[in-house]
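Hello,

Here is the structure I promised to hand over. My notes follow below it.

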Amino acid sequence: MDRVTDTKTPSVEAVRAALSGVRDPEIHRPITDLGMVKDIQVHPDGGVSVGVYLTIAACPLRDRITQDVTTAVAAVPGVTSVRVDLDVMSDEQRAELRRSLRGDAAEPRIPFSEPGSLTRVYCVASGKGGVGKSSVTVNLAVAMAARGLSVGIVDADIYGHSVPRMLGTTDRPTRIEEKMIMPVQAAGVKVMSIGMFTPGNTPVVWRGPMLHRALQQFLAEVFWGDLDILLLDLPPGTGDVAISVAQMLPTAEILVVTTPQQAASEVAERAGAIALQTRQRLAGVIENMSWLELPDGTRMEVFGSGGGAAVAESLSRSLGAEVPLLGQIPLDPRLRESGDTGTPLVLTDPEAPAAAVLREIATRLSTRARGLAGRMLSVTPAGR
Ligand code: ADP
């Protein structure tokens with residue numbers, strides 16, 4: 001009897017049920033929920049043809065979708081062959097998709113600033129460039145993703161925008177609809193970078209309003225899905241971006257990266273003190289390039305010592321709330337190399353001392369209790 005059941009021509013329902021297990025690789029929802037299944041035909045010989053709508057014609061993931069659909073349908077008992085025909089959504093279908101993903105709001109809103117958002121947002125700031133802010137951002141993000149969290153990075157460092165390279169990607173985001181952009185995915189992290197919109201290495205003069213608009217777009221028009229953590233790599237200093245971010249993401253917390261050097265820590269302090277004006281919470285200070293471990297085990301303090309602790313103490317005093325020194329990351333040529341080759345150290349060499357500290361900080365930041373403690377409550381007039 002079983003054999004008779006197995007060789008029976010499969011039903012359209014059984015094929016549809018199998019397709020509900022196929023997720024769009026960018027949107028991460030079942031293709032059956034996204035209006036992507038155009039039709040299903042089951043032939044008497046057990047052959048199945050599935051028509052699939054791609055969101056856009058140049059969908060970079062068309063092979064992956066074809067493969068996933070084929071595998072899922074081939075596993076249905078009685079299916080002898082699978083054919084996948086790709087088509088492209090019409091403008092109306094795309095608009096419908098956007099509505100089903102983000103509701104009917106006329107203007108896209110920033111999901112992370114909505115009341116009830118469960119995403120923790122960290123802005124990684126530094127006083128000056130070259131202290132390792134991007135390296136820290138990338139490794140923290142990848143370490144958090146490796147813990148099973150859904151993590152996004154917004155690379156808003158107009159001067160550096162090195163995040164895509166450090167993650168090993170040259171991909172560009174996919175625009176699905178006028179106000180719907182799919183972020184790039186690399187090393188298990190979703191990422192959008194200012195650098196993805198500048199051709200080659202061309203320097204772009206970003207004026208304040210342009211930057212504000214780009215950030216708004218990154219936060220509101222990009223489909224991030226349900227993120228546990230969003231990290232923003234801010235430009236060094238205390239400029240326009242920090243202010244824009246504070247307006248757009250009032251609940252974001254600030255992480256300050258500094259080196260041990262006195263001069264660096266003074267400017268880092270200023271970057272952190274921005275939180276006083278914006279009434280954001282300071283999650284802590286990370287000291288990078290703390291020492292170089294020599295072959296005999298001694299530590300050479302290349303950039304002096306004490307900068308991280310000094311910044312944490314001084315910020316604690318000015319804010320009247322404890323700002324912890326979250327960790328001290330040693331100098332390690334492997335950290336630089338892994339950045340240059342796009343293979344984050346926390347993945348390639350998780351036991352290296354620098355990687356171990358970064359992983360520890362990632363764990364601490366992803367498991368901290370949320371809440372309003374330590375944050376000044378800001379009351380913003382309605383209509384912002
Ligand atoms: P920022 O974002 O602050 O400008 P980067 O993360 O781009 O800084 O780091 C500047 C340079 O220093 C990069 O080449 C990076 O690989 C290197 N670097 C950062 N941290 C370390 C470290 N702990 N050990 C060795 N090299 C590091």
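Which residue in E7 is the bridge partner of Glu-177? It is Met-180. Strands E6 (residues 174-177) and E7 (residues 180-182) run antiparallel, joined by three bridges. Two strands pair if DSSP finds at least two bridges between them. A hairpin of two residues links E6 to E7. Helices (H or I, at least four residues) and strands (E, at least two) are DSSP runs, numbered from the N terminus.

The model is predicted: local features need pLDDT of at least 70, side-chain atom pairs count only at pLDDT 80 or more, and totals for chains, interfaces and linings use all residues. Residues are numbered from 1 along each chain as its sequence is written, and side-chain values use heavy atoms, without hydrogens or water.

Next, the cores. A nonpolar core is a set of buried Ala, Val, Leu, Ile, Met, Phe, Trp, Tyr and Cys residues joined through side-chain atoms within 4.5 Å. Buried means under 20% relative accessible area, exposed over 50%, partly exposed in between (1.4 Å probe, protein chains only). The largest core has 41 residues. Phe-112, Val-154, Leu-230, Leu-232 and Leu-249 have the most contacts inside it. Among the elements that each supply at least two residues are strand E4 (120-126) and helix H7 (208-220). H7 gives the most, six residues. Beyond four places in sequence, contacts of Leu-232 (heavy atoms within 4.5 Å) include Val-121, Val-154 and Leu-249. A second, separate core has 40 residues, including Ala-143 and Ile-329.

Last, Glu-301. This residue lies in the loop between strand E13 (299-300) and H10. Glu-301 counts as partly exposed because its relative accessibility is 48%. Glu-301 touches Ser-290 and Trp-291, not counting residues up to four places away in sequence.

Best wishes
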